[in-house]
Amino acid sequence: MPTNKQLEAAAAQKARGAELLGEGKPDRALFQYGLVKMNTRELAQQRLVAVGPGPTPAMIAEQSGGVAEAALQGATMGMGAANRGSEEDTVAALELYVAACNNAAHAALKLDRYDAVIDNASEVLHVQPENAKALFRRGKARLMRGRPEEALDDLAAADKHCPGDAGIVDALQQAQAQMAARIGKQRAAMAKMFASEASEAPAGAGESAAPRAGSDSDAAATA
């Protein structure tokens, strides 16, 4: 597929994904964003050598809720050929690729597919480390996966770049509460363990016997 046609197809797929999200169909939107990634990856790589692992048809189908791989036929025709794009084309491809990853993270979050959120948001952050939306989405997914420490890192960074955002502040407070609860449980477990050990210790176990007359201890004391 010629480069301009490839980019046009990707732009149309991105627009369709936005429409589907607006219609409350995040699973189908996720499928469209996967197609955008497939149609732009080669050109995006020319702009930035490593933008993370590219999606396969099977991965797109799995992330979008089992959409039949046959639906990919025609949508990705011509992919795999090494097309050399102009600087303008590679910049446009990278922008589409990153936007598709970020939007895919958004759609996956609506579907509670937290691994897909983390994967897509991480691809965005590989290119744009300060992207507040990607930081928020990955932080939220990590929080829901029970990883509050990592979530705090992401959400604090998101709050730094987008201060006062209600969604970020709420998630940050949830992560702080989850982290505090985890620390509280750890401390309680340690206290219980020490209390158990103390109750099981025999009486006088901590007392040392008096040294015998003429023992090595006497000799050491007078040497």
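This is a predicted model: local features need pLDDT of at least 70, side-chain atom pairs count only at pLDDT 80 or more; totals for chains, interfaces and linings use all residues.
Me: How close do Arg 138 and Asp 154 come to each other?
Reply: They form a salt bridge, and their closest N and O atoms are 2.9 Å apart. This pair links distant parts of the chain, since Arg 138 belongs to helix α6 and Asp 154 to helix α7 (residues 148-161), 16 residues apart.

Me: What else does Asp 154 pair with?
Reply: Asp 154 also forms a salt bridge with Arg 142, again with the closest N and O atoms 2.9 Å apart. Salt bridges with shared partners join Arg 138, Arg 142, Arg 147, Glu 150 and Asp 154 into one network.

Me: And Arg 142 with Glu 150, what is the distance there?
Reply: The closest N and O atoms of that salt bridge are 3.9 Å apart.

Me: Are those two buried or partly exposed?
Reply: Arg 142 is buried because its relative accessible area is 13%. Glu 150, at 31%, counts as partly exposed.

Me: How many salt bridges are there overall?
Reply: The structure holds 10 salt bridges.

Me: Back to α6. Why call it largely enclosed?
Reply: Of its 13 residues, 10 are buried, so the rest of the structure largely encloses α6. Among the buried ones are Ala 134, Leu 135 and Gly 139.

Me: New topic: where does α2 bend?
Reply: Helix α2 bends by about 55 degrees at Arg 41.

Me: Which helices have the lowest and highest confidence?
Reply: Confidence is lowest in α9 (residues 216-222), with a mean of 36, and highest in α6 (residues 132-144), at 97. Over residues 67-82 the pLDDT is below 50, although this stretch has 25 contacts beyond near neighbours in sequence. Residues 206-223 also stay under 50, with 4 contacts beyond four places in sequence.

Me: Last one: what is the phi of Asp 112?
Reply: Its phi is near 60 degrees, a positive value in a residue other than glycine. Most residues other than glycine have a negative phi. Asp 112 lies in the loop between α4 (87-110) and α5 (114-127).

Note on methods: Residues are numbered from 1 along each chain as its sequence is written. Side-chain values use heavy atoms; hydrogens and water are left out. Helices (H or I, at least four residues) and strands (E, at least two) are DSSP runs, numbered from the N terminus. The bend at a residue is the angle between axes fitted to the seven residues ending there and the seven starting there. pLDDT is the predictor's confidence in each residue, from 0 to 100. Contact means heavy atoms within 4.5 Å. Buried means under 20% relative accessible area, exposed over 50%, partly exposed in between (1.4 Å probe, protein chains only). A salt bridge is a side-chain nitrogen of Lys or Arg within 4 Å of a carboxyl oxygen of Asp or Glu.
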